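Please consult the structure shown here while reading.

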Amino acid sequence: FSSFSIISTGPTSVGMDFSLHGYDHVYGIPQHAETLLLKNTSDGDAYRLYNLDIFGHKIHEKIGIYGSVPLLLAHKPNRTSGIFWLNSSETLVDISTKAVAEHAPSRSAAETAKQRAVPRTDVRWMSESGIIDVFLLMGPTAFDIFKQFAQLTGTQALPPLFSLGYHQCRWNYEDEQDVKAVDAGFDAHGIPYDAIWLDIEHTDGKRYFTWDKQKFQNPRKMQEHLRKKKRKLVVIIDPHIKVDPSYTLYAQAKEKGYFVKDRNGQDFEGISWPGSSCYLDFTNPEVRKWYADQFAFKTYKASTNILFVWNDMNEPSVFKEAELTMQKDAVHYNNWEHREVHNLYGFYQQMATAEGLIRRSSGKERPFVLTRSFFAGSQKYGAVWTGDNTAEWSYLKISIPMLLTINMAGISFCGADVGGFIGDPEAELLVRWYQAGAYQPFFRGHSTMESKRREPWLFGEKNTQLIRRAISERYVLLPYLYTLFYRAHTAAEPVMRCLWIEFPGKMETFDVENEYMLGNALLVHPVTEKEAKTVTVLFPGSEEIWYDFRKFKRMEDAGTVKIPVTLENIPVFQRGGTVIPLKTTAGKSTEWMIDTPYELHVALDTEACAIGELYTDDGHSFQYLHKKQFLYRKFTFHKNILSSSCVDESGQYHTTCVVERVIILGFGKQPTFVTASSKDGEKKEVVFTYDTKTSALTLEKLSLSVDADWEICIT
């Protein structure tokens, strides 16, 4: 299946058919701009897994775009199964769902055998090269599948906390003055943000690891300015290297033979942003080690420890070639042809980049690396995004199933460019996109150089206020989101979940793609239609209770309900039986909020019980791993007592942060007396208010330590 001399082997092709009995709902195999539920392909194109740079890709096409994870999930009410086809060459997946006649066994000789129609989905995998290496994941639940897949490919890396904040990007922020002005704009308009990004124009002639000497004369000083504001800088570093013997990176890589070769054994040359370029061979461990070393502070001039990295164009994108990518007969390390490792190219660049960021801090600090191209296992190295989308309502709408599918494939840290990368969003679309992005894992605004400037304050005071509110909601939600990422990291639970994952027995959820669960506690329904006055929300499970997340009111109806909406916000609901930890207010960035007190939202279920968790640590280092410096707490409400206890005794992390406020939703009657007591026996009376309209009980001025056991007793 592979040659070990530089001879073009051409495609060799392997394939296999699988029949999934009893299943007619299949999901997964990102990345496509397609529906959540995979479609029958018998009368059209197969789903293609082939990482390509498709600028302004169309919607509802099965062509492969920037990333590929060859994992398919099948679900029926009592079971979930998975197929992981481990192959990094171009792959086609054909899906055929039909009803087949099955014979029911007869009970007696006299009885004739009965026939019944049972669904069956046939899945055909065809890869251009490689071997058959396939894993059948037996579940039986979706969460079992996620754990089984994580045993093979790893779990989501725990992100540094700043990277869960809001990111401001465009192609390009012009110079140091522009960066300072945008940074100041966020403060002037009271909008939180954590990182400003620099695209390709910040470099010296598209030579990565360098700075444009005119526009960025003192990048270190610029970073110090951002550091004082407790913010970060993210810069782009693409895999193509400008052919220029005076460019140190090129000269070294050329001398060491670190570039991908063409079929004749010469360095493969293609056209990209810098013009003529060579492509580093990241499949070679020696090249990855050398590349990681380029991020050392002494080597990457004027970089500091607040600088993080964005890997783009790593499908790899090669202009003027067929499908804008590398020729399939280019040759990699160990004489692998490019066709065999194509879908792994970006995966290996992100791996080397993450390693470089860890190594520059002597193994102490968590990296943040965003990649456009990805494969199974990319979750171990950082975040991905959906690529070059367009500023149209249909792209906002399709981003939801796209992100749900990527989450299902193990990569929780994903998002879509807020506002759409290409074009100019109208103000309403931009507001709606911020409102959706605030409740999705990776949250970044980005636009192309042809787009008009669209910093959040450029659309009039009313829209500035709406975007400020959306971003602030995100910052208040961070304790819950960070806890979900800890669960993704340790237990392989996706952060953003399609409804059927949480409600596996409810058939009505199986094809829902316009709303989703964030963790197990929040139901989010983005508004994706222009001038919408109502949205139709499915509240799954007749035995569930749902509360309006902002107004605390219990939703009276179950099932499918029409909900009125205004431009103020999108519908978000808290599930009864859950406790969500929040911060009481948003700060200028995540680092400004370290000491901001917590607030707990306790939503009672039919048994008047609730349970939830809070994970916290220093937010940036590996101390949680190496020194067990973390707090993992559990909050339980049962028989009118809210208690805080430790989930993992091995973790120790001291924080001065307190729980200041608790809001209990669905509390049946006005209490007469509320007391709080700590482990050492100290008891105090608690100030409370009860809203008879919403049945929400608010407990104020608690000052209960987050890192201690305590109880609140309501009588």
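The model is predicted: local features need pLDDT of at least 70, side-chain atom pairs count only at pLDDT 80 or more, and totals for chains, interfaces and linings use all residues. Residues are numbered from 1 along each chain as its sequence is written, and side-chain values use heavy atoms, with hydrogens and water left out.

**Domains and annotation**

- Domain 1 (14-103 + 115-153) and domain 2 (575-714) are given by the domain assignment, whose bounds come from an automatic or database source.
- The centres of domain 1 and domain 2, taken over C-alpha atoms, are separated by 42 Å.
- An unreviewed UniProt entry places the feature "domain: Glycoside hydrolase family 31 TIM barrel" at residues 157-484; UniProt positions follow the numbering used here, feature names are shortened, and annotations may be inferred rather than shown by experiment.
- Residues 157-484 are 34% helix and 12% strand, with the end C-alpha atoms 12 Å apart; helices (H or I, at least four residues) and strands (E, at least two) are DSSP runs, numbered from the N terminus.

**Largest pocket**

- The largest pocket has a volume of about 760 Å³. On a 1 Å grid over the protein atoms alone, a pocket is an open set of points with protein on both sides within 12 Å along at least five of seven lines, a cavity is a set where a 1.4 Å probe fits but cannot get out, and lining residues have an atom within 4 Å of a point. Grid points are joined across faces, edges and corners, and a volume is the space filled by probe spheres set on the points.
- Its lining comprises 38 residues, of which Leu161, Glu591, Asp618, Gly619 and His620 lie nearest the centre of the pocket.
- The elements giving two or more residues to this lining are α7 (345-360), α10 (461-491) and β29 (610-616); α10 gives the most, with three residues.
- By class, the pocket lining has 17 nonpolar, eight polar and 13 charged residues. Nonpolar covers Ala, Val, Leu, Ile, Met, Phe, Trp, Tyr, Cys and Pro, charged covers Asp, Glu, Lys and Arg, and polar covers the others, Gly among them.

**Cavities**

- There are five cavities of 30 Å³ or more, and the largest cavity holds about 120 Å³ of space.
- The largest cavity is lined by 15 residues, of which Phe146, Asn407, Gly410, Ala492 and Glu493 lie nearest its centre.
- Two or more residues of the cavity lining come from each of α1 (142-153) and α8 (393-408); α1 gives the most, with three residues.
- The cavity lining divides into seven nonpolar, seven polar and one charged.

**Backbone features**

- Most residues other than glycine have a negative phi, and most peptide bonds are trans.
- A cis peptide bond joins Pro30 and Gln31, with omega about 15 degrees; Gln31 lies in the loop between β2 (26-28) and β3 (47-49).
- The peptide bond from Trp171 to Asn172 is cis, with omega near 15 degrees; Asn172 lies in the loop between β9 (166-168) and α2 (176-188).
- Ala302, in the loop between α5 (285-293) and β15 (307-311), has a positive phi near 65 degrees. Ala302 is buried, with a relative accessible area of 16% (buried means under 20%, exposed over 50%, partly exposed in between; 1.4 Å probe, protein chains only).
- Ala608 has a positive phi near 60 degrees and is partly exposed at 32% relative accessible area.
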